[in-house]
Amino acid sequence: MRAQIKLGRIFGVEIGVHYSWIVIALLIVLSLSAHFRSGNPDWSDTTVWATALITAVLFFVTILIHELAHSIVARLHGLPVRSIVLFALGGVSQIEKESPTASAEFWIGIAGPLASVAIGILCLAGALLTGWSILFEPATPVAAVLLWLGYINLLLAAFNMIPGFPLDGGRVLRSVIWWITGARSRATRIAARVGEVVSYGFILIGLVRFFTGGGLGGLWISFIGWFLLDAARATQAQTGVLDALSGVLVGSVMSRDYATVDGYSNLRGFADEHLLQSGRRCYIVIANGQVAGLITPQDVRQIPAAQWPYKTVSDVMRPMDQLRVVSVDTPVIQALEIMGRDDVNQLPVIVDGTLEGIISRANILQLLQTRSELRT
């Protein structure tokens, strides 16, 4: 999941917002305003709306803290974290590698819910200190904000600990099964299947609630179930891919039949005579008899078409010293991780400073298709 709005970095982790978060934020503000107005009819409209807005902002701050807990523990275990994205159903920490051990997986998975529990307890304690009594509605906006944040964070922790992948509880379940069996792939499949069962439960409960008068709340529960079901199935598919690529090296998958283009070629001519005619997605740029870089349709698209006649391929290419490269002995899984992390479709394969070939997502896909056809 990619963020449409970048908010900056915390502890070196990029923080972003998906567009769906904006819609949910507005719905939360509207819901909170109705909640605070019904519980405190003597509050002015300004107080109600200000309290609702502040509560919504602090709620997403707590979600961010939840995800930062995952990210910090992941980095403590040596796992790079690309970013945290807030979206409609909360947040997601984009950890670039799988956990190295079952114990690391356990602590990474449980860190978020523990953070939410801590926030919930602190907020409820704060509400008590600011005048809230268990027998009465909070009398002040501060107490109302803290009370709602306390309850919602405890509910968030409980929801995330449901033992179904990809929820945090699913990760904890996977870590326990992994520790017992010693097989990460098997543990992932079991946790994902449990996640599917949980997802169907959410969908069924949501539909029953909708048709028995639950209204949009029922549909929302079903939507959460559908999202979890899609994620659980994606996890199973990803596990199958990783199993299929286990032990495979770049040298056996890469293509040595790569296309080249002179770096001094006119960009317009290159686009018309090569890209549009051949349909190839990647060209190696040669300048003065040496490999100078790589150019793809994406690189060309960054330049306005009106400027193509006045540019050369070398002006637009990505120089070799700026490219991520792999060797023939690099595991294909690692090459695929690099492609995903750097958002590229191909990587040069270099041995002793010499270009040996190109490995692309298409090469890997062909291998997977062949293995699927042969049922291996």
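The lining of the second largest pocket divides into nine nonpolar, eight polar and eight charged residues, where Ala, Val, Leu, Ile, Met, Phe, Trp, Tyr, Cys and Pro count as nonpolar, Asp, Glu, Lys and Arg as charged, and the others, Gly among them, as polar. The model is predicted: local features need pLDDT of at least 70 and side-chain atom pairs count only at pLDDT 80 or more, while totals for chains, interfaces and linings use all residues. Residues are numbered from 1 along each chain as its sequence is written, and side-chain values use heavy atoms, with hydrogens and water left out.

The second largest pocket has a volume of about 480 Å³. On a 1 Å grid over the protein atoms alone, a pocket is an open set of points with protein on both sides within 12 Å along at least five of seven lines, and lining residues have an atom within 4 Å of a point. Of the 25 lining residues, Arg281, Cys282, Asn345, Gln346 and Ser360 are the closest to the centre of this pocket. Helix H9 (297-301) gives the most to the lining, with four residues. Helices (H or I, at least four residues) and strands (E, at least two) are DSSP runs, numbered from the N terminus.

Strand E6 supplies at least two residues of this lining and also belongs to an open sheet of four strands, ordered E5-E6-E7-E8 with mixed pairing. Two strands pair if DSSP finds at least two bridges between them. The edge strands, E5 (259-262) and E8 (318-319), each pair on one side only. Strands E6 (residues 283-287) and E7 (residues 290-295) run antiparallel and are joined by five bridges; Ile286 has Val291 in E7 as its bridge partner.

Note on methods. On a 1 Å grid over the protein atoms alone, a cavity is a set of points where a 1.4 Å probe fits but cannot get out, and a pocket is an open set with protein on both sides within 12 Å along at least five of seven lines; lining residues have an atom within 4 Å of a point. Grid points are joined across faces, edges and corners, and a volume is the space filled by probe spheres set on the points.
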